[in-house]
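Please examine the sequence and the structure before reading the solutions.

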Amino acid sequence: MNPNTFRKIQRLQNGESFLTRELGNSMLPLYKSNEIHKVTPITWSECKVGDVVFCKVKGNCYTHKVYAVDEKKGCLIGNNKGHMNGWTKNVYGLAHKL
């Protein structure tokens with residue numbers, strides 16, 4: 001995990017919110033590449049289907065959409081193009097459009 005991503009996770013776990021931007025088009029049209037957005041702390045159990053979250057799935061960090069929530073598995077994470085990354089309970093932040 002790169003140091004910047006590790007710092008983001010630490011900040012969210014410490015209850016901090018922040019502005020960030022990420023490269024990539026996997027969340028179009030919800031989020032454009034490099035679009036500034038706010039991230040606030042959240043846990044997987046607070047997530048709702050349709051939320052866009054900052055999370056870790058199978059060792060990789062993403063800002064992707066919640067497609068399902070299951071008490072045992074956590075959140076099913078995927079991009080806005082239909083690709084599913086998998087289930088995780090490692091959800092750290094909720095993305096907010098500015």
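**Exercise 1: Surroundings of Asn85**

Beyond its neighbours within four places in sequence, Asn85 is in contact (heavy atoms within 4.5 Å) with Val57, Lys58, Tyr62, His64, Ile77, Gly78 and Asn79. The model is predicted: local features need pLDDT of at least 70, side-chain atom pairs count only at pLDDT 80 or more, and totals for chains, interfaces and linings use all residues. Residues are numbered from 1 along each chain as its sequence is written, and side-chain values use heavy atoms, with hydrogens and water left out.

Task: determine whether Asn85 is buried or exposed.

Solution. Step 2: its relative accessible area is 9%. Step 3: Asn85 is therefore buried (under 20% relative accessible area; 1.4 Å probe, protein chains only).

**Exercise 2: Partners of Lys65**

Task: identify which residues stand opposite Lys65 in E3 and E5.

Solution. Step 1: E3 (residues 52–57) and E4 (residues 60–70) pair antiparallel over six bridges (pairing requires at least two DSSP bridges). Step 2: Val52 stands opposite Lys65 of E4. Step 3: five bridges join E4 to the antiparallel strand E5 (residues 74–78), where Gly78 is the bridge partner of Lys65.

**Exercise 3: Turns**

Task: state how many residues separate the strands of each hairpin.

Solution. Step 1: two residues lie between E3 and E4, and Lys58 in that turn has a positive phi of about 50°. Step 2: three residues lie between E4 and E5.

Technical notes. Helix = DSSP H or I, 4+ residues; strand = E, 2+ residues; numbered from the N terminus. Buried < 20%, exposed > 50% of the residue type's maximum accessible area, 1.4 Å probe, protein only.
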